Amino acid sequence: TLDPLEARAVVFDDGQTQAAILMVDVCGLTLASTRRIRSLIEAAGAIGPEQVMVTYSHTHSAPATTPYVNQPPDPAYLAWLEQTLADLVTTARRRLQPARMAVGEGRADFNVNRRLRTPEGMVMRANPHGLVDRRVRVLRFEPEDAPLPRGTLGNAAMPQVDPLAVLFSYVCHPTVLGGTNYRYSGDYPGAARRVVERAFTAPDDGAPACLAGFLPGCFGDVRPHLLAPEGRFREGTPHELLILGRRLGGAVLQAAEASPAGAVEGIAMATREVTLPYASLPTAEDLRAALAGPRRYWAQALLERLDREGLPAAETTEVQVLRLGRHWLVALPGETTLEIGLAIERSLAEIGLARPDRGDITLSIGYANDYVAYLPSASLMTEGGYEVTSWYEYLRCGPFTPDLEGRLVQAALGLALELGAA
């Protein structure tokens with residue numbers, strides 16, 4: 001272990017609705033795992049299934065928790081993990097206390113678009129002119145009975161108490177540590193969490209006075225800007241991991257301190273099933289032919305599924321939306337590319353549900369509740385590249401249809417309209 005794999009849970013209750021967010025250091029969780037976690041929480045008399053959001057940081061330095069190429073998860077570990085996460089929500093629910101919320105925004109610049117067009121096609125190389133989001137988005141929660149802000153720092157009010165929790169989101173693959181690393185690590189999200197929690201450490205016993213949680217952005221096509229001399233991506237060192245954690249953690253702290261907290265005018269949460277059709281399905285002949293090639297594990301797994309139950313024409317997954325007062329969290333089920341996350345953010349603003357001019361934020365969370373492989377935007381599908389062609393690594397039947405982006409955006413908008421504005 002380089003640094004501990006951890007999980008965090010935050011529970012919200014406005015007197016009518018309860019909602020929970022789980023944040024866990026694993027690479028992915030399937031919808032089946034999410035449903036088992038939700039069932040365990042419900043059985044404990046806690047929160048209803050549709051009111052639980054399960055996010056995963058997508059650190060690549062964690063045990064396998066989803067079927068991937070030739071690495072199935074350990075059933076015993078997965079069962080332990082699911083029960084532990086359910087217990088965590090139950091514990092958090094017992095510790096509810098009145099709170100206020102503030103939102104803030106900072107900046108960190110160690111991410112880069114990883115899709116570069118070349119004469120040979122789309123390759124995974126740093127594209128300094130490609131789409132990237134360097135915003136650090138922050139939700140700060142503090143006790144309701146905390147003293148109101150008294151001083152100012154420039155034009156920003158200065159909170160006078162340590163927060164109960166700071167949730168932050170950033171758009172960058174947690175792949176500072178690469179394929180040669182065999183030690184467990186939360187990667188840069190874990191390093192940044194430690195920076196934030198240490199900044200709010202109680203001086204008497206050293207216990208963290210604040211919980212820090214990472215909400216993964218839509219970073220399917222964005223990764224750390226760490227380059228070898230010839231320009232290719234390289235792995236970072238443990239020391240570089242600490243540096244990036246400090247850089248992001250510092251941005252989180254600055255953003256967390258910059259805005260006054262206020263009451264949350266109600267919460268609402270809903271989940272919608274979404275169907276993502278495959279563009280085509282392989283035949284039994286296709287799969288048998290692939291047994292002799294590099295996709296043999298994929299072919300064998302799908303042949304067994306074909307014999308057992310047939311191949312599905314579509315992937316069934318879900319989109320989830322949580323409204324915290326005027327602010328929105330949209331949970332998407334896999335390695336969502338940045339273009340889709342920004343499209344959802346723009347769409348909520350265009351219909352007036354989120355108003356950036358008054359400080360409303362929309363967080364598009366790309367790794368939540370399910371792990372259905374890469375979810376590329378329509379424009380990326382026309383360009384090709386790893387995010388479009390790697391579906392077989394996730395044991396999927398084929399690429400999704402180009403309307404995938406529209407289906408996800410429309411599901412998010414529909415849910416947001418149902419939940420209404422504060």
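## Strand S2 and its partners

S2 and strand S3 (residues 52–56) pair in the parallel sense over five bridges. Two strands pair if DSSP finds at least two bridges between them. Strands are DSSP runs (E, at least two residues) and helices are too (H or I, at least four), numbered from the N terminus. One link between them joins Ala20 to its bridge partner in S3, Val52. This is a predicted model: local features need pLDDT of at least 70, side-chain atom pairs count only at pLDDT 80 or more, and totals for chains, interfaces and linings use all residues. Residues are numbered from 1 along each chain as its sequence is written, and side-chain values use heavy atoms, with hydrogens and water left out.

Strand S1 (residues 7–13) also joins S2, through seven bridges, and these two run antiparallel. Arg8 has Met23 as its bridge partner in S2. S1 and S2 form a hairpin with four residues between them. In the turn, Gly15 has a positive phi of about 95°.

## An enclosed strand

Seven of the seven residues of S2 (residues 18–24) are buried, so the strand is largely enclosed by the rest of the structure. Buried means under 20% relative accessible area (1.4 Å probe, protein chains only). In a regular strand the side chains alternate between the two faces of the sheet. Both faces of S2 are covered. Gln18, Ala20, Leu22 and Val24 are buried on one side, and Ala19, Ile21 and Met23 on the other.

## Two nonpolar cores

A nonpolar core is a set of buried Ala, Val, Leu, Ile, Met, Phe, Trp, Tyr and Cys residues joined through side-chain atoms within 4.5 Å. The largest has 56 residues, and Leu29, Tyr170, Tyr188 and Leu248 touch the most other members. Helix H4 (residues 238–256) gives the most to this core, with eight residues. Apart from it lies another core, of 40 residues, including Val330 and Leu415.

## One cavity

How many cavities of 30 Å³ or more are there? The count is one. A cavity is a set of points on a 1 Å grid over the protein atoms alone, where a 1.4 Å probe fits but cannot get out; lining residues have an atom within 4 Å of a point.

The lining has 14 residues, with Asp133, Arg135, Arg137, Val171 and Ser364 nearest the centre. Helix H7 gives the largest share, four residues.

Technical notes: On a 1 Å grid over the protein atoms alone, a cavity is a set of points where a 1.4 Å probe fits but cannot get out, and a pocket is an open set with protein on both sides within 12 Å along at least five of seven lines; lining residues have an atom within 4 Å of a point. Grid points are joined across faces, edges and corners, and a volume is the space filled by probe spheres set on the points. Buried means under 20% relative accessible area, exposed over 50%, partly exposed in between (1.4 Å probe, protein chains only).
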